[in-house]
Amino acid sequence: MMNKLSLVALLAIGILSAFAVNFYEKSPDNPATEHSQLSKRQLDLLNAPPLATGSKIDKIVVRKADREMDVFYQGNFLKTYPISLGKNPIGHKEFEGDMKTPEGVYAINDRNANSGYHKNLGISYPNEADIAYAKAHGKLAGGAIKIHGIKNGLGDIIGANHLLKDWTHGCIAVTDPEIDELFVAVVEDAMIEILP
């Protein structure tokens, strides 16, 4: 039979555990927190209707400062997606490991339906100038820059809360449903312009 001291200790542990769980769930760093911290603009973009079936995208414009990505077909605006960037979002990517998202004009040159981040669209960084710049500084330019979804297994848990901070290694991140939509609509060799 339990003595009173053991019972009090168990009760204290239970209360502290409940407090810790409640604190974690309300923490801004917890990706499972509801979307209450997202801006009205982000919520409006997330709630925009999906692209019409059969839509095509031949141009993507990323506005890093706004954390938004616009898509077009034959000069016609189609939709804006809220995005997350590399952990070091200011400035053009220069070197491997700098956690920056590139700036400039590139192409969508690859697609992977079996990505570690749900699905991805490859961006043609680095170009010749990027490689030459890095080499002149005795470094590598890096690569494997993508537009991708959430890490496999976490898409349903994190969802749009990935927008609460820049978290990639230099890629452009969207939700899994958004990359599903983009994956089908973006045409081969679509242009992507990444603005500061």
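1. Let's start with helix α5. In this helix, Asp 176, Glu 178, Ile 179, Glu 181, Leu 182, Phe 183 and Ala 185 are buried. Here "buried" means under 20% relative accessible area, "exposed" means over 50%, and "partly exposed" is in between, with a 1.4 Å probe and protein chains only. That makes α5 mostly covered, with 7 of its 10 residues buried. Helices (H or I, at least four residues) and strands (E, at least two) are DSSP runs, numbered from the N terminus.

2. A word on what you are looking at. This is a predicted model, in which local features need pLDDT of at least 70 and side-chain atom pairs count only at pLDDT 80 or more, while totals for chains, interfaces and linings use all residues. Residues are numbered from 1 along each chain as its sequence is written, and side-chain values use heavy atoms, with hydrogens and water left out.

3. How confident is the predictor? pLDDT is its confidence in each residue, from 0 to 100. The mean for the protein chain is 87, and 82% of the residues reach 70 or more. Please read residues 7-33 with care: pLDDT stays under 50 there, and the model has 15 contacts beyond four places in sequence for this stretch. A contact means heavy atoms within 4.5 Å.

4. Now the overall plan. The protein chain has 5 helices and 8 strands, and along the sequence they follow the pattern α-α-β-β-β-β-β-α-β-α-β-α-β. Of the 196 residues, 41% count as buried. Among contacts with a separation of 6 or more, 64% come from residues 24 or more positions apart.

5. In what order do the strands of the open sheet stand? The order of the 8 strands is β3-β2-β1-β8-β4-β5-β6-β7, with mixed pairing. Two strands pair if DSSP finds at least two bridges between them. β3 and β7 (172-173) stand at the edges with a single partner strand each, so one side of each is left without a neighbour in the sheet.

6. β2 and strand β3 (residues 76-82) run antiparallel over 6 bridges, and Tyr 73 has Asn 76 in β3 as its bridge partner. Their hairpin has 2 residues between the strands, and Gln 74 takes a positive phi near 50° there. β5 and strand β6 (residues 146-148) also pair in the antiparallel sense, over 3 bridges; Gly 122 has Lys 146 in β6 as its bridge partner.

7. Next, the largest nonpolar core. Such a core is a set of buried Ala, Val, Leu, Ile, Met, Phe, Trp, Tyr and Cys residues joined through side-chain atoms within 4.5 Å. Of its 29 residues, Ile 60, Met 69, Ile 108, Ile 147, Ile 172, Leu 182 and Ile 192 touch the most other members. At least two residues each come from β1 (57-63), β2 (68-73), β4 (104-115), β5 (118-123), α5 (176-185) and β8 (186-195). Not counting residues up to four places away in sequence, the neighbours that Met 69 touches include Ile 60, Tyr 81, Ile 147, Ile 172 and Leu 182.

8. Rings of Phe, Tyr and Trp (its six-membered ring) pair if their centres lie within 6.5 Å; planes under 30 degrees apart count as stacked, over 60 as edge-to-face and the rest as tilted. The whole structure has 4 aromatic pairs. Phe 72 and Phe 77 have ring centres 5.8 Å apart and planes at 70°, so this pair is edge-to-face. Phe 72 counts as buried at 18% relative accessibility, whereas Phe 77 is partly exposed at 46%. Phe 95 and Tyr 133 are stacked, at 5.9 Å centre to centre with 20° between the planes. Phe 95 lies in the loop between β3 and β4 and Tyr 133 in helix α3, so the pair ties together parts 38 residues apart in sequence.

9. Finally, Ala 134 sits in helix α3 (residues 128-136) and counts as buried because its relative accessibility is 0%. The C-alpha atoms of Ala 134 and Phe 95 are 6.0 Å apart, though the two residues are 39 residues apart along the chain. Beyond four places in sequence, Ala 134 touches Glu 94, Phe 95, Lys 139, Leu 140 and Ala 141.

Definitions and conventions
pLDDT is the predictor's confidence in each residue, from 0 to 100.
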